[in-house]
Amino acid sequence: MATTRVIEIKTELPGPRSRELLAREAEAVASPLQVHLPIFAAQAEGATITDVDGNVFVDFAGGVGVMNVGHGNPRVVEAVLEQAARFIHTDFTVVPYPGYVELAERLSALVPISGGARAAFFNAGTEAVENAVKLARLYTKRSAVIAFEGGFHGRTMLSMTMTSKTHPYKTGMGPFAPEVYRAPFPSAYRGPTVSEALAQLERMFGQHVSPESVAAIVFEPQLGEGGFIPADPEFVRGLRRLCDTHGIVLVADEVQTGFGRTGRMFAMEHFDVEPDLITIAKSVAAGLPLSGVIGRRQIMDHPHAGAIGGTYIGNPVALAAALAVLDVFEEDAVLERATVVGAQIREQMLGWRDRYTQIGDVRGLGAMLAIELVHDRETKEPAPDLAGAVIDAALERGLILLKAGVYGNCIRVLCPLTISDPELDDALHAWDGALAAVLT
Ligand code: PLP
């Protein structure tokens, strides 16, 4: 492996300027906004973040899966500056602008939905999910929604209800939205099996909610916050079958899986199954707030005029960033790079699993990869303490890592897909060192 060429740790961590800012943050910022890493960003470029003390880290978090085309991508920065100089806001539903139409055209052509798609844009992922449910309800004239154990769909009332993890996302925040039902999500590592999960859905239809009351089944093609568990293709086909049988809208929440993370533009392309609606956010606009729902024309066009909207929906600057992101994907072969990067990281992870019994599982599609840490390979007792210690040890070595999983015992990869070879080598070297320090 290459010697360090990118990472530079010049101070103790946190450095003096970060320490000072942390003290001010503790006094000024509401404490539920839990800060995970004790470093303050000063600058970011490619796959690196430089903190206020001049330390340079490789970023495997990407602002939680937002920076697939890298920090400070020159085409994105140029597009943002150019648009901001022309105009920043009109509200598309008051005075429309061309970027909205162009992005809708380009994304509708890209999504794995045949027969013509239409798009609507919003700001955060949670808004996209809530609007997808609205659209499904209006189309089907039904109210119930089925979501899955381990699923994460956001933090506003309906999406928080659909989100499965209680701590920290839901505890004390009820009452929750009505008509949300939860089914198990199959996991090759911990179960249930695909047939058990599908059988449970059928049982739900008999005992909890009749299928003719269900507007939408909302699922992630690979669980994100829930621990990077890819959906089994047979399960996805089973969901499609159930939706077709009962007239239910199938919504693929691609907020985290989208924009090349799995080596395809949309993770649904791995399954040879078409969803009816796709929600997008995060990496669509390389860090500017933009989300959207793209879906079948008849569902998207069905509601009454004015049924969806919002002051900032599809902000022009965010749209300019998103159009530049699509250009970057085309011109820089980002999907090919994602596949190469994913294969390299997976190979390294499999080597770690051979070396350390505490690594119970390595999984994920493309570059959406995670390791799951356990105290015992037989019992699979989750080891969130070890995951936390590895993340701390990695930071000391200049690598920013992020947890995932309902037990908080997975470490996931959400690095820029455009990461350079030296950045990737450095990152894997730092991660390797952190594992050696904690697990042996
Ligand atoms: N859906 C999925 C699959 C997500 O991973 C997330 C965020 O992590 C959301 C929805 C919510 O997105 P946002 O945080 O932008 O509201």
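**Entry 1: burial and the tryptophans**

I call a residue buried when its relative accessible area is under 20%. Trp431 comes out at 0%, so I noted it as buried. A reminder to myself: this is a predicted model.

Trp352 is also at 0% relative accessibility and therefore counts as buried. Phe148 belongs to strand β5 (residues 144-148) and Phe235 to helix α8 (residues 233-246), so the contact ties together parts 87 residues apart in sequence. Phe148 has 2% relative accessibility and counts as buried. Phe235, at 0%, counts as buried too.

Back to the tryptophans: Trp352 and Trp431 make a tilted aromatic pair, 5.0 Å centre to centre and 50° between the planes. Helix α11 (residues 334-355) carries Trp352 and helix α13 (residues 421-439) carries Trp431, so this pair ties together parts 79 residues apart in sequence.

I also found a cluster linked by ring pairs, made of Phe87, Phe92, Tyr97, Tyr100 and Phe121.

**Entry 2: salt bridges**

I found 22 salt bridges in the structure. One of them joins the side chains of Arg5 and Asp425 at 3.3 Å, N to O. Arg5 sits in the segment before α1 (16-28) and Asp425 in helix α13, so the bridge ties together parts 420 residues apart in sequence. Arg5, at 49%, counts as partly exposed.

Next I checked helix α8, where Asp244 and Arg240 are four residues apart, or about one helical turn. Their side chains meet in a salt bridge of 2.9 Å, N to O. Asp244 is exposed at 53% relative accessible area, while Arg240 counts as buried at 13%.

Arg296 and Glu274 form another salt bridge, 3.2 Å from N to O. Arg296 lies in strand β10 (residues 291-296) and Glu274 in the loop between β8 (249-253) and β9 (277-280), so parts 22 residues apart in sequence are tied together. Arg296 is buried at 15%, and Glu274 is partly exposed at 28%. Salt bridges with shared partners join Arg240, Asp244, Glu274, Asp276 and Arg296 into one network.

**Entry 3: a surface patch and charges over rings**

Met157, Met173 and Phe176 make up a nonpolar surface patch with about 260 Å² of accessible area together. I placed Met173 in the loop between α6 (157-162) and β6 (180-183). Met173 is partly exposed, at 37% relative accessible area.

What lies over the face of Phe176? I found Lys170 there, 5.1 Å from the ring centre. I saw a charge over a ring at Tyr189 as well, where the charged end of Lys380 sits 4.4 Å from the centre.

**Entry 4: cysteines**

How many disulfides are there? My count came to zero. Cys415 is in no disulfide, and its nearest cysteine sulfur, that of Cys410, is 17 Å away. The cut-off for a disulfide is 2.5 Å between the sulfur atoms. Cys415 is buried at 0% relative accessible area, and Cys243 is buried at 1%.

**Entry 5: one alanine**

I ended on Ala215, which I found in strand β7 (residues 214-219). Ala215 counts as buried at 0% relative accessibility. From Ala215 to Ile146 the C-alpha distance is 8.4 Å, with the two 69 residues apart in sequence.

Technical notes
Residues are numbered from 1 along each chain as its sequence is written. This is a predicted model: local features need pLDDT of at least 70, side-chain atom pairs count only at pLDDT 80 or more; totals for chains, interfaces and linings use all residues. Side-chain values use heavy atoms; hydrogens and water are left out. Patches are made of residues with over 30% relative accessible area and no salt bridge: like charges are joined within 9 Å, nonpolar side chains (Val, Leu, Ile, Met, Phe, Trp, Tyr) within 5 Å. Accessible areas come from the Shrake-Rupley method with a 1.4 Å probe; for residues, only the protein chains shown count as cover. A salt bridge is a side-chain nitrogen of Lys or Arg within 4 Å of a carboxyl oxygen of Asp or Glu. Helices (H or I, at least four residues) and strands (E, at least two) are DSSP runs, numbered from the N terminus. Buried means under 20% relative accessible area, exposed over 50%, partly exposed in between (1.4 Å probe, protein chains only). Rings of Phe, Tyr and Trp (its six-membered ring) pair if their centres lie within 6.5 Å; planes under 30 degrees apart count as stacked, over 60 as edge-to-face and the rest as tilted. A charge sits over a ring if NZ of Lys or CZ of Arg is within 6 Å of the ring centre and within 35 degrees of the ring normal.
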